[in-house]
Amino acid sequence: MKKPVKILCIAGGVLAAAGAAVVAFAPGLFTYLNVLRKYPNIIKTIPVFQKYSVPQNYVQYTVKGLTMSVPAEYTLKDSGLVFIGADGKTSVLVTRHDETLLAQYVNPWDSQKYTEADYKSYFRAVGAPFPKTADARTELLWYCKGTLMPEDCLKLRGMNRKVFKELAETKNSAWEMEDAWELPVNGAKAYVSCGKTDIVTSVGNWTLTVYPDDSRSDKIFVVFRTDDTTAKQIISSVQISAE
């Protein structure tokens with residue numbers, strides 16, 4: 001064998017060995033590089049919501065276990081769920097659901113691409129808590145938006161890597177649709193979201209999701225149809241009721 005041919009064979013063997021080492025120790029490397037290239041939001045995490053100063057003339061109410069302050073001209077309707085502004089239109093809607101009851105009628109995993117067992121396997125592989133069945137879809141969303149990172153896939157193989165790729169796409173799409181923040185609230189886990197601003201009204205679509213610590217499956221959900229500043233001020237006033 002001629003010397004140049006031998007050198008090429010040796011080089012080829014070295015590259016093959018290097019490739020085998022990559023597959024052995026980082027089987028998800030190419031997936032890692034692909035999601036970094038394909039998804040600009042893949043490295044995002046959920047920041048903390050910066051609270052606004054709440055005007056002194058705001059009036060405090062307690063609705064569904066949540067205490068909040070709203071503009072003085074807002075009126076709480078007889079249903080105890082809706083605040084109406086001076087213009088007679090709905091400004092704030094508060095609901096509270098027991099997700100365990102809802103899960104009895106709809107399996108949250110039925111709408112996912114893979115089986116519940118596939119997601120359980122994935123979460124075991126990455127060492128993250130598996131979302132509770134009661135509110136699995138929402139928990140899965142917050143996991144994607146705030147916890148999932150590109151390097152999580154480096155040691156994944158087979159179906160686990162397929163699940164990662166699906167969740168990576170979900171993360172990127174979710175951040176494209178809305179911004180999100182974690183809201184510090186004593187006695188609860190809370191998240192603020194703001195969808196893309198309405199082109200006609202120039203108002204963001206603000207929502208607040210609250211998970212009280214003293215309830216295993218209750219979720220308090222608040223929808224705002226106000227200007228951005230008012231929404232931020234009301235959100236900044238939110239507390240878990242002591243009653």
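**Entry 1: contacts along the chain**

I looked up how far apart in sequence the contacting residues lie, taking contact as heavy atoms within 4.5 Å. Among contacts in the protein chain between residues at least 6 apart in sequence, 59% join residues at least 24 apart. The model is predicted, so I note that local features need pLDDT of at least 70, that side-chain atom pairs count only at pLDDT 80 or more, and that totals for chains, interfaces and linings use all residues. Residues are numbered from 1 along each chain as its sequence is written, and side-chain values use heavy atoms, with hydrogens and water left out.

I then looked up the secondary structure and found 7 helices and 10 strands in the protein chain. Both are DSSP runs numbered from the N terminus: helices are H or I with at least four residues, strands are E with at least two. Of the 243 residues, 41% are buried. Buried means under 20% relative accessible area, exposed over 50%, and partly exposed in between, with a 1.4 Å probe and protein chains only.

**Entry 2: helix 4**

Which residues of helix 4 are buried? In this helix, residues 116–126, I list D118, Y119, Y122 and F123. Seen down the helix axis they fall within an arc of 130 degrees, so they line one face of helix 4. The arc is taken from the directions from the helix axis to the C-beta atoms. An α-helix has 3.6 residues a turn, so residues three or four places apart point the same way. On the other side of helix 4, A117 and R124 are exposed. The buried residues pack against helix 5 (136–146) and helix 6 (158–177). After helix 4 comes G127, with a positive phi near 70 degrees.

**Entry 3: helix 6 and its partners**

I looked up the packing of helix 4 and helix 6: the angle is about 90 degrees and the axes are 9 Å apart. That makes helix 4 roughly perpendicular to helix 6. Axes are lines fitted to C-alpha atoms, for helices over the stretch in contact, and angles run from 0 to 180 degrees between N-to-C directions. Under 35 degrees counts as roughly parallel, over 145 as roughly antiparallel, 65 to 115 as roughly perpendicular, and the rest as oblique.

V163 lies in helix 6, and at 0% relative accessibility V163 counts as buried. Leaving aside its neighbours within four places in sequence, V163 is in contact with Y114, D118, Y119 and Y122.

Helix 5 and helix 6 pack at about 85 degrees, with axes 8 Å apart. They are therefore roughly perpendicular to each other. Helix 5 brings L140, L141, Y143, C144 and K145, and helix 6 brings L167, T170, K171, A174 and W175.

**Entry 4: strands**

I looked up the hairpin of strand 6 and strand 7, which has 2 residues between the strands; G187 in the turn has a positive phi of about 85 degrees. Strand 6 (residues 178–185) and strand 7 (residues 188–195) run antiparallel and are joined by 8 bridges. Two strands pair if DSSP finds at least two bridges between them. E182 stands opposite Y191 in strand 7.

In what order do the 3 strands of the open sheet stand? The order is 1-2-10, with antiparallel pairing. Strand 1 (59–63) and strand 10 (239–240) are the edge strands, each pairing on one side only. Strand 1 pairs with strand 2 (residues 66–70) over 5 bridges, and Q60 stands opposite S69 in strand 2.
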